[in-house]
Structure formats: C-alpha cells, structure tokens
Amino acid sequence: LELFESDQANPVPQSETFTLDDLRCARYTDVVRSVFGARTTGALRIVPVSGHVLASSRTYTRRADGGTFGQYIAAVPESEASSWNSYARLTPGSQTSYPTEGFRTNLGFVNAEESPASVLIEVRGSDDRLLSEVEIELRPYEHRQLNGFLEDLAPDGDLVNASIVVQAGHHPSRLLSYASVV
C-alpha cells in the first residue's frame, strides 16, 4: 500500500506491506492515519505482490448530530489511466449558488508517472458548449484535488449537468481523474 500525499511529488511514497489470505477481507478505519500515522489527504496505490486485490473506500464527514455524509469510492486499476492524447469525460458536474444547502463538484487527479504531467480541463454545459478551459501541471506521482471546482462558473445561479473533459497533455502521461459531487 503506497500513499501519494496531496499537492506534492511522491517519487518515493510511504509504503506498508500486508498479507491477506485468499478469499479474505480486511477493513482499515482511517487508513491514512492508522497505517501511515499521518493526518493528510492523498491517493492510495495498492500494488499486489501476488494474486489480485479488490478495494474500495468510504470517505465521509461527521455531522454535529452524530451522523455522517460521504460516499463510497471504488478503486480504479492503474491500467485504466488516461494516456497522452486521450481524454476522459466526467459527468455530471454540479454547483449551486448556496453550497451549504446544495451541491459542489470536487475534481481530482493522480499523475501515475515519474515525470511531470500537464492536464487540460474543459468544462462544458449541458448543451456541450465550452464554459471554461484551464491547464494545470502535476508533479511526479502527485495527487491533487480541486474542491468546488465549478464555483466561479455559477456565482449567481446554478450549474447542473456540466461535463468535465480531462486530457493528459504530453507524452509520456498516465492520468487518473475523478469528479465527485458533494
């Protein structure tokens, strides 16, 4: 298990090794803190030494009344990373003018290469009209999450059913990307 801490290069990530018997399940509560002793954000890479592993997570926030809100996130195989000159369309993105009562979209990336990567991000309306375009640079093995990414596009109203098109900018590139509507 490797930890790619957010907003930094991770050429030699922190790692821990585990043994999991065939057809068995393990659950780690707050895996970043319990396994790595860290209070940080990031992405986890699971590298099976042998066999196959299925993984998922639940990320959540505790509410004042003791409940939680959050989401289930399935692991994505590194083989599904977008490569140079290919793109991924992430849908639907939403942003409401009152984020405490509505929705916001977080956008995240993991550079799965040991070299820097550029990422071209297009935001398209429900009619596929281009609303915004931005390019960011990621360091080697960097995880970055852009919270409330669509906020500037909906300052006086709501933006619903937007598409976010992500393209890895140069060769070699392998990019994992996600959009999360909260």
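Start by selecting β7 and β12 (residues 159-168): the two strands pair in the antiparallel sense over six bridges. Strands here are DSSP runs of E of at least two residues, numbered from the N terminus, and two strands pair if DSSP finds at least two bridges between them. Within this pairing, pick Y87; its bridge partner in β12 is Q167.

Before going on, note that this is a predicted model, in which local features need pLDDT of at least 70, side-chain atom pairs count only at pLDDT 80 or more, and totals for chains, interfaces and linings use all residues. Residues are numbered from 1 along each chain as its sequence is written, and side-chain values use heavy atoms, with hydrogens and water left out.

**The nonpolar core**

Now select F109, V119, I121, I164, V166 and L175. Of the 15 residues in the largest nonpolar core, these touch the most other members. Such a core is a set of buried Ala, Val, Leu, Ile, Met, Phe, Trp, Tyr and Cys residues joined through side-chain atoms within 4.5 Å; buried means under 20% relative accessible area, exposed over 50%, and partly exposed in between, with a 1.4 Å probe and protein chains only. Two or more residues come from each of β8, β9 (117-124), β10 and β12, and β12 gives the most, with five.

Centre on I164. Apart from neighbours within four places in sequence, I164 is in contact (heavy atoms within 4.5 Å) with residues including A88, L90, L107, I121 and A179.

**N106**

Move to N106, in strand β8 (residues 105-111). N106 is buried, at 5% relative accessible area.

**The three-stranded sheet**

Select β1, β2 and β3. They form an open sheet in the order β2-β1-β3, again with antiparallel pairing. Both β2 and β3 (42-45) are edge strands with a single partner, so one side of each has no neighbour in the sheet. β1 and β3 are joined by four bridges, and L3 stands opposite L44 in β3.

**Aromatic pairs**

How many aromatic pairs does a search of the whole structure find? There are two. Rings of Phe, Tyr and Trp (its six-membered ring) pair if their centres lie within 6.5 Å; planes under 30 degrees apart count as stacked, over 60 as edge-to-face and the rest as tilted.

Select F4 and Y141: their pair is tilted, 5.5 Å centre to centre with 50° between the planes. F4 is in strand β1 (residues 2-5) and Y141 in the loop between β10 and β11 (143-146), so the pair ties together parts 137 residues apart in sequence. F4 is buried at 2% relative accessibility, and Y141 is buried at 14%.

Finish at F18 and Y28, whose ring centres are 5.1 Å apart with planes at 55°, so this pair is tilted. F18 is partly exposed at 38%, and Y28 is partly exposed at 41%.
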